[in-house]
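Work through the exercises below with the sequence and the 3D view at hand. Try each task before reading its solution.

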Amino acid sequence: MVFSSLLFLFIYLPVALIVYYSTPDRFRNGVLLFLNLVFYGWGEPSSVFLMLVSIWVDYALGRLITIQKKRGKSGKEMVVCSCIWNLGLLVFFKYLGLAVLPIGISFYTFQKLSYVIDVYRMECDSQNNFVDFAVYVTLFPQLIAGPIVQYKDLKQQLSGRKYSFHDMREGIRIFTVGLCKKVLIANNAGELFSQYAAKSGSLLTMPGAWLGLLAFCFQIYFDFSGYSDMAAGLGRMLGFTFPENFEYPYTAKSLTDFWRRWHKTLSGWFREYLYIPLGGNRKGKGKTIRNLLIVWMATGIWHGAGWNFLLWGFYYGVLLVAEKFFLLKSLKRLPGFWQHVYALLLIAIGWAIFVVPDMADPAGYFKALFGGQGLAWTEADRFWLHSYTGVFMAAIFASLPVGKKLYYKQTKKRCSIVKDMLETVWILAGLGVSVAYLVDATYNPFLYFRF
Amino acid sequence: MSESKKTTKTDVIITVTFLSFIYGIFIMQLCKPDQFFSDTERRILEQRPELSWKRILQGTYQTDYEAYLTDQFAFRDFWVRTKGLTEYLSGKQENHGIYYGKEGYLMEALTEIDMGKLKKNVDAILSFQQNLQSPQEKLDLSDTGIPVKLCVGLIPGSATINRDKLPEDLPEVDQQKQIQKIYQQLSKQGITCIPVSEKLLQHKEEALFYRTDHHWTSLGAYYGYEAWAETAQERAESGQTWAGKPESSSFYGTLYDRAGTFWIRPDHILSYVPEVGIKVERLESRGWEQGKLYDREKLQGRDQYAMFLGGNGPLVHISSDKGEGKLLVIRDSYMDSLAPYLTADYGEIYLMDPRYYRGRAWDFIRENRITQVWICYSFKNFTDDTNLPYVLRTVSP
């Protein structure tokens, strides 16, 4: 099931909210678990069983670690088991492709690993309530595409949730923003990119290739951040607060800055559970470089089983090492504008590597990007640019914190009736137009569904 | 972490608004009766899927249910139109394969041609002609002693003729050029090719195509007829003039619905040829039934263009007391606007639609002693159609 679908918005969500809030607090987690499994099982009935088994394994391992610790042992074997089990499953489905990839596996295995490691490190107690633990893993807002929430960040909310109209309202607002990002910007930008991605190299020109790539840059950002917003909004509606996943990444002034703003929960996870255990930057320059490269290649390969993803990770690894050791110092001496240009150019090229599997003629596309197929606009390029003006303008506006600043300025104003009306109107309009697009299209897949 | 803030008025208003929206539609969806056929989409809508444990475990029930929900969604047409308007306002120049043109014109886009299908159709015509010319077949066909003459007419779309009403930069196929290339191949085999594009372009300032429909107007069809008269009959002009009779001023065509452009004004339909002395028969599943040249009952329905000869069907037979001789036209729906003019030239006109006619044109020609055959298609349909070769098949000698 997809959030940006009529089924979710007008059948699942209404039913889920009623069921959830009409259950007394004591049983709410149990009911939530049921709702989570319905959500997950709707698209993949056969994967539910595997997921429950997988959850039970880590639940048991968590408890075993606690038992071991009570006996004065470290419990390290359990962590190793968990890693073998979780990463093994991931390798089996994702990298060896031996069976159909269960949706969300890349996200929930990382969440389970974080639990086991957190318990081992004694950063929290094991969760002895199976239902509560299962709710943590299967929470439908973030089950399929994140954000990746580390166990220690959510455990309080598993049993101590507070509910308020304010949270509901915030959740609605954030959810609507996410829905609009996905349906109105990402899907449309994706249409434009598909036009260019389908062409063979000889039909591409430099301006055209860049226009297409720009469209993809917007598509992937709004698809992913839109989804994260919808997840955060839904979580909020249920009384959960998730960490922020995106922070205006395209306003970055360097690649280091970019990765502090893009998919923060993933880079946070890798820092916490891979970079730091490897020694981080505390074991000398050589080891730091090695650690960075390992982490970034892992990040790359997490996104997909393909050489291009590995290359994408390595690309960032190398550039981030360069920035860390000398590039950033030089960059900071440039005027802000050029720092942005530097960052955006390299980010865009990174995305071109990332999206190679979707290109009909990747070699030709890259050749066009660097001027090898001609530098002039074609008729078709101008047509597409004109057609997607609205989408691009919205995308650029939404990539900048302008909207947020305006919103907060408004909420301080004294004329509250106008403010209320405006916000209500915007939310209704956003919902309405998104629904219009959803009805009009019959096909609305997510980019990240290979996870 | 969220601090439990005091509930403000805004919190309540927004929550209530959102919940009303989703619950409102939720309830409406449950109470709304299922629709079987959509007028605007001109297709049967998905119906409630069969519920069974097996289908749930396989996931087929879920996919079917989602398709059912989308098809039966409340106010579907309203949502589609909202999207059409939003597209237009955001600078899009095309929606669902239809261009937004100037002066309230909608036009079908043709950006890619399936060259494989096109070649199959052209080859089918060529081999049909070869068989018509071969001595063995001539003997077979001509009790009349007159060789069967083949003409081909390909009609360009509105986007080609009304090019100036579209943005300059368009990834649109040059239909005129493509038609000329095909004509070159065909005329080598002695097929008479009708220069429809050139004739229409000469009159492009006039209303040759409907604004809301992909068909040509009766006026456009008249010029198509003129092009045929000049080329096939080798006479300067038909000589007849008719006054246009208004049949409808509320014609919302196929493009209007598909593009969701509810703000565009409707078209007028005119007829030119009077019905006097013309009889029409249509072949239906029950056999031949009486039809009309202008079936005005169709003006009450969704597809007003079907007024011309009653719309789609395998075979239509027109008898006219003003003309002489027999003509077979293998065609698509564009011909319906043109056929009335041919009643001045032929006594018996047969219109055959390969989408529905299951027999062979060959047999038909022989049984009815036809001496003139015309293959007439809109170019877009010609590049798309897979039924024409089937109807044109002949037994090779």
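**Exercise 1.** Is E244(A) buried, partly exposed or exposed?

Solution. The model is a predicted one, in which local features need pLDDT of at least 70, side-chain atom pairs count only at pLDDT 80 or more, and totals for chains, interfaces and linings use all residues. Residues are numbered from 1 along each chain as its sequence is written, chains are lettered from A and ligands numbered from 1 in the order in which they are written, and side-chain values use heavy atoms, with hydrogens and water left out.

Step 1. Take the cut-offs: buried means under 20% relative accessible area, exposed means over 50%, and partly exposed is in between (1.4 Å probe, protein chains only).

Step 2. E244(A) has a relative accessible area of 43%, so E244(A) is partly exposed.

**Exercise 2.** With which residue does E244(A) form a salt bridge, and which parts of chain A does the pair tie together?

Solution. Step 1. A salt bridge requires a side-chain nitrogen of Lys or Arg within 4 Å of a carboxyl oxygen of Asp or Glu.

Step 1. The partner of E244(A) is K264(A), and their closest N and O atoms are 3.7 Å apart.

Step 2. E244(A) lies in the loop between α10 and α11 and K264(A) in helix α12, so the pair ties together parts of chain A that are 20 residues apart in sequence. Helices here are DSSP runs (H or I, at least four residues), as are strands (E, at least two), numbered from the N terminus.

Step 3. K264(A) is partly exposed, at 22% relative accessibility.

**Exercise 3.** What salt bridge joins K182(A) and D223(A), and are the two residues buried or exposed?

Solution. Step 1. The side chains of K182(A) and D223(A) meet at 3.0 Å, N to O.

Step 1. K182(A) belongs to helix α9 (residues 165–197) and D223(A) to helix α10, so this bridge connects parts of chain A that are 41 residues apart in sequence.

Step 2. K182(A) is buried at 0% relative accessibility, and D223(A) is buried with a relative accessible area of 2%.

Step 3. For another pair, turn to chain B: E289(B) and R286(B) form a salt bridge of 2.8 Å, N to O. There, E289(B) is partly exposed at 28% relative accessibility, while R286(B) is exposed at 67%.

Step 4. Over all chains, a search of the whole structure finds 40 salt bridges. In chain A, a network of them links D118(A), R121(A), E123(A), K152(A) and E272(A).

**Exercise 4.** Which side chain of opposite charge is nearest to D132(A), and what polar contact does D132(A) make?

Solution. Step 1. Locate D132(A) in helix α6 (residues 130–138) of chain A.

Step 1. The side chain of D132(A) does make a polar contact with the side chain of N29(A), at 2.7 Å. Such a contact is a pair of N or O atoms within 3.5 Å; within protein, one must be able to donate a hydrogen and the other to accept it, and residues adjacent in sequence count only if both atoms are side-chain atoms.

**Exercise 5.** Which backbone features stand out at P147(A), Y248(A) and H263(A)?

Solution. Step 1. Recall the background: most residues other than glycine have a negative phi, and most peptide bonds are trans.

Step 1. The bond between G146(A) and P147(A) is cis, with omega about 0 degrees. P147(A) sits in the loop between α7 (140–143) and α8 (151–159) of chain A.

Step 2. Y248(A) has a positive phi, near 50 degrees, and is placed in the loop between α10 (206–237) and α11 (255–258) of chain A.

Step 3. H263(A) also has a positive phi, of about 50 degrees. H263(A) is in the loop between α11 and α12 (264–278) of chain A, and is buried at 0% relative accessibility.
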